[in-house]
Amino acid sequence: MEKKLSSVAKSFTASPIQELSHLAQRCNAINLAEGFPDFPAPTHIKDSAIAAINSDFNQYRHVQGICDHLAEMVKKMHGLDINSLTDIAICCGQTEAFAAAVFAIIDKGDEVVLFDPCYETYEGCITMAGGNPVYVALDPPHWTLDPDKLMKSLTGRTKAIVLNSPQNPTGKVFTKDELEIIAEVCRVRNCLAITDEVYEHVTFDNNKHISLASFLGMQERTIITSSLSKTFSVTGWRVGWAIAPAFIASAIRNIHVKITDSAPAPFQEAALTALRSAPEYFESLKKDYESKRDFMIKMLAGIGFKFQFKPEGSFFLFAELPENCALSDVEYVKELIQEAGVVAVPGCGFFHANLLSDKVPKEDCSYHRRYIRFAFCKSDSTLATAAQKLGKLYKSSGMSKDT
Amino acid sequence: MQIQCTWAYRELRFRPTLFPTFSKHLQTSIGCVPTRGGRGTYSFVATMSSVSTQNEVVSTQNTRRPLQIAKRLEKFKTTIFTQMSNLAVKHGAINLGQGFPNFDGPEFVKEAAIQAIRDGKNQYARGYGIPDFNSAIAERFKKDTGLVVDPEKEITVTSGCTEAIAATMLGLINPGDEVILFAPFYDSYEATLSMAGAKIKGITLRPPDFAVPIEELKSTISKNTRAILINTPHNPTGKMFTREELNTIASLCIENDVLVFTDEVYEKLAFEMDHISFASLPGMYERTVTLNSLGKTFSLTGWKIGWAIAPPHLTWGVRQAHAFLTFATSTPMQWAAATALRAPESYYVELKRDYMAKKAILVDGLKAVGFKVFPSSGTYFVVVDHTPFGLPDDIAFCEYLIKEVGVVAIPTSVFYLNPEDGKNLVRFTFCKDEETLRAAVERMKQKLLRN
């Protein structure tokens, strides 16, 4: 009966991140792999959800107030004028907003440009909708955008560019210049853009998150997707959104209604509270994550990892294996789990070979196996314990990881 | 054919604007895109052409071709439910249209969700469902059908049954596959099938008993059929597929090697006969995806907790699509749902009893008002023939009912492949408290006059 699977479903493989999580659970390892917090969500937001459940906000609903707040926030952060009645679709997480956006604009054979390394889920959506993902490699060690590489990836079938900034897995925040390059391409080639801005409020060192939609000529062709999950540490609540010009937002809403119909009602209510959080909340979010980042870097540098690039946003560290380490990223991660009881994600899963790039000279891809992603969205005590365990491993094994 | 782009970055800045008049031509051609639209439904195309005027004015750059929405969207319009609900609010009408209760779910389930939130269960659940909930689903399924399923390999939790349907279609249907649907049908079936690129073959169920036309089914199903979709108890008619009908379908599926997707969200609202789960028929489990949800049984439609039960090789496809549609389902609600599904039998007995009382109020009332009421065996819906009141079609009748009488019903033509098939029928729901139902009946008795 295997032939009963759709050809698209057959091409998918299980998530390597989730598999490692299962191994970590079996070994009782400290999970620095999956990107969700192990500290509690903010109390005022939880209370709001509880109040909603008690007040019988439990049937299908669309909470317009979310759209109103989002319009305000987007105006404040990016100077964009959004019509809260027509330009926003509330979805079950950014995942669904992205899926609905892709289904809204991608036809069979359309090409979608993605920047590599890349969160693994985008490709699945694009493929499901009949599109072809085209990867543009960002250049290590600073993950800079090479305009030539971007130009070479464009064809007559390029429909959209996907931009995730702050970026998972590298923690890169695209610069104004890089965003301008992407915007120019979109304007001239008349492409659409889908942005994933879930880490928009997690930026460090005076790096500011700038939305691609705020560039000249971009609002009319950009779908912004984001969610409550990372900003408010409620990854399990599934409240996200897409913001786009009215005719695209309407299409996204119509598709969303057929995929899930609505986001969980009580959590939509709680979203109102969340989105009304004081500026201090966002300030301390940044500060806390920044200090966790610094702690992690110090800890990992202490055991030989290289950091030519410090994450500018998100709660991920893309650490480069020590120079004299002969192991691949996967082998190293397995050792980390088994010997140190700490789990991270091998970076190779985020890199992609470009299937359409016959005309592009073969790049040296050996760096695809040299990176490991650590998540630092964990409590200070978790991080401290991780530091202890890693420190012990390093001491006990001496230089055994060298050639 | 790939067009190699060799422009240097600098040159892009000075590219002249192209074809401003060309875009006007495209505007008109956008307006001519045929829509499936019926009376009273808003076409997305109308929205598009009014906005593209704005875009042309605002944009200083060229529009070589219009920013295109995907072709699949011809089937997607603002739903009739939203439109009717908006109209209802405007006129202060009593809403017997949209199928959600105006009373709340049971305290013990709500408490469980609150406890889960307090206990910090607010992060990503395992993609295909938290272990305890999957187990609870398996336990309940065994009680109801006698089938033993592996919660780890044969159950996928989704954001409502709506998502289970979407994931099933996208995970198991290839573009060009033939799928049989029984009309009238819940509106997301057609939409998600068209997203999957399926070729839909509709078989219409007709009043008074909406029986499956066996001969028509036999001539429609073939070796080319990939799947058949069954919704029992059936929305909107309330029909429950009989054992005979299901057995016939089963043997045709074996003959032609066809998959079966069954939407059983109303299985606990089975009043006139016992619900039969298709997967429990001999030889059917291996080719069946059973879809269900929490919302209708526990009056918590806004929580969006649903699931798909299927053998491992089919579950795999459902899970792949699900992973890209929503990735994971709301965590605290899953914990609460596990508690809900372990409710004692008395909960279900009381549920049925309450709904049967409500049904009696509505059905007796509708008959007294002068509708021709078709027998509904299950769900909380009943369809009626509105023609005694002299309106030309179902949409006109529903608009009249809202504006002049102050009651909302749903026009059923939107549930058919051919809207004409539904023009005599409208759907009422009785998932409302008794006072609301009586008030609605009163309004109709007073203001709805036969022609």
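Let me start with a term: a residue is called buried when its relative accessible area is under 20%, exposed when over 50%, and partly exposed in between, with a 1.4 Å probe and protein chains only. What we have here is a predicted model, in which local features need pLDDT of at least 70, side-chain atom pairs count only at pLDDT 80 or more, and totals for chains, interfaces and linings use all residues. Residues are numbered from 1 along each chain as its sequence is written, chains are lettered from A and ligands numbered from 1 in the order in which they are written, and side-chain values use heavy atoms, with hydrogens and water left out.

I turn to chain B and helix α6, residues 131-145, where helices are DSSP runs of H or I with at least four residues, strands are runs of E with at least two, and both are numbered from the N terminus. Its buried residues are B:F133, B:N134, B:A136, B:I137, B:A138, B:R140 and B:F141, and these pack, by contacts between heavy atoms within 4.5 Å, against β2, β7, β8, α12 and α13 of chain B. After α6(B) comes B:G146, with a positive phi near 85°.

Now to chain A, where all five residues of strand β6, 192-196, are buried, so this strand is largely enclosed by the rest of the structure. A:L192, A:I194 and A:D196 point one way, while A:A193 and A:T195 point the other. Counting strands as paired if DSSP finds at least two bridges between them, β6(A) runs parallel to β5(A) over five bridges and parallel to β7(A) over four. On the β7(A) side, A:I194 stands opposite A:I223.

How values were computed
Expected span 1.5 Å × (residues − 1).
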